[in-house]
Amino acid sequence: MQRHHLAVLVLASACAAGSPDAPISSTSEEVRLTPALVAGDFTRPLDKAAIRAPQTWLDDAAFETKWGSMIAAPIDLLGGADSGYFADLANLPRKRLPGREVLCHGDPKFDNFGWTEVEGTAVFSDNDFDDADFCPVAADILHYLVATELTFADPALDEAALQTYVATVVDSHAAVAIDPATTPDWASVHTKGLAKDTLGGKLALGGEVQPATAAEVAAVTALVATEWRLPPTLLDVARDVRIDGGSAGWRRFWLLAEDADGVRTIIELKESGIPGPQFGRQHDTLDGDARMEVLKLSWWDAFDDFDHYEVELLGSRFLVRDRLTRTNPKPNKLTAPQIENMVRAEASLLALQHRGGWGQIHAAELTTWLRASARTVTSRWRATYTAAGGH
């Protein structure tokens, strides 16, 4: 499989993607749809072993701990197995996934979108860049449709996502905007975040938040002294140990830091893993030093030098992001109309990114293909969950 390092070359395309009417690639060619996916297309098992195989960064004990959390709910299984999702689709015959390769979200589901304060402005968009990379366009939208069903089990919501996505692929002006009433009060987010996660001028320890080692504190201290984008005053360091989710097993640190004006925040350093699409069938790869710049420009239409960038630490790459300038949606905090609006807005965001991958597509044909294929893939993941003893 040929791989290219496209972080710099794709910048021009990302700039175009910031405009609803300028998809990443040309839409002049017609995309022909094959018959929708059916269970018989999948000839290899999707089971614990298949999901375990790509997660080479976890030892067996760590994976068993993570697996226990994954079978707590169907969406938790999919959410913890992004690598397995793309590896599973890669076993299909190449022509069974229609459309072209695009810059994908990589792990699109309800709570991987959200609000981010970008250069002082609230932006609702992709809120988790961990798995963003190039992938077949059909793989990305199928993931979102499957995840929506596994999260809510609401056929009306599934259909709302599907119809909004297709309408926006065909006509960018059909995109649904997020309800501004869900925009966070950033001052409150900041104040409550500090109150919840700090105690006596230190990070509050307990649960996943554990003391950092002396070597880790020394490495972070040295980083703060040399990295101009970080707040200059380091007050405390803690380790955030995650045993669930797609990033379980990757190192993560919290920094309680203070800027030159005495404003405190909590910075997260999150070890960068392997994006899920790289376990699938892709031609191009988004990596290199400009990776985060490409993603921020593509999704946020802004660079924001001081948030979401990568640094070297402890022999690895870490993503730097401010914990108090981003929020993820929580269904139990939203009304039913707000949830539907958010699903439609997320589907619209995906469609705006994907439009170039579908070319001149017919709405009715795409709707039929996605509806039937999503049901097939959803049934496959539900069966895996049930067989694993999900509860």
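Which residue in β8 stands opposite Q210? The residue is R239. The model is predicted, so local features need pLDDT of at least 70 and side-chain atom pairs count only at pLDDT 80 or more, whereas totals for chains, interfaces and linings use all residues. Residues are numbered from 1 along each chain as its sequence is written, and side-chain values use heavy atoms, without hydrogens and water.

An open sheet of six strands runs in the order β7-β8-β9-β10-β12-β11, with antiparallel pairing. Strands here are DSSP runs of E, at least two residues long, and helices are runs of H or I, at least four residues long, numbered from the N terminus. Two strands pair if DSSP finds at least two bridges between them. β7 (209-211) and β11 (309-313) stand at the edges. Each has a single partner strand, so one side of each is left without a neighbour in the sheet. Neighbouring strands are turned by 35° against each other on average, direction ignored. Three bridges join β7 to β8 (residues 233-240), and the two run antiparallel. Helix α9 (residues 214-226) packs on the sheet and touches β8, β9 (252-258), β10 (264-271) and β11. The direction of α9 makes about 135° with that of β8. Axes are lines fitted to C-alpha atoms, for helices over the stretch in contact, and angles run from 0 to 180 degrees between N-to-C directions.

D240 is found in strand β8. D240 has 2% relative accessibility and so counts as buried (under 20% relative accessible area; exposed is over 50%, partly exposed in between; 1.4 Å probe, protein chains only). The side chain of D240 makes polar contacts with the side chains of R242, at 3.2 Å, and W254, at 3.5 Å. A polar contact is a pair of N or O atoms within 3.5 Å; within protein, one must be able to donate a hydrogen and the other to accept it, and residues adjacent in sequence count only if both atoms are side-chain atoms. Beyond four places in sequence, D240 is in contact (heavy atoms within 4.5 Å) with residues including E208, V209, R252 and E268.

Helix α5 (residues 82-90) is mostly covered, with seven of its nine residues buried. Among them are D82, Y85, F86 and L89. The cover of these buried residues includes α4 (74-79), β4 (133-136), α6 and α12 (363-387).
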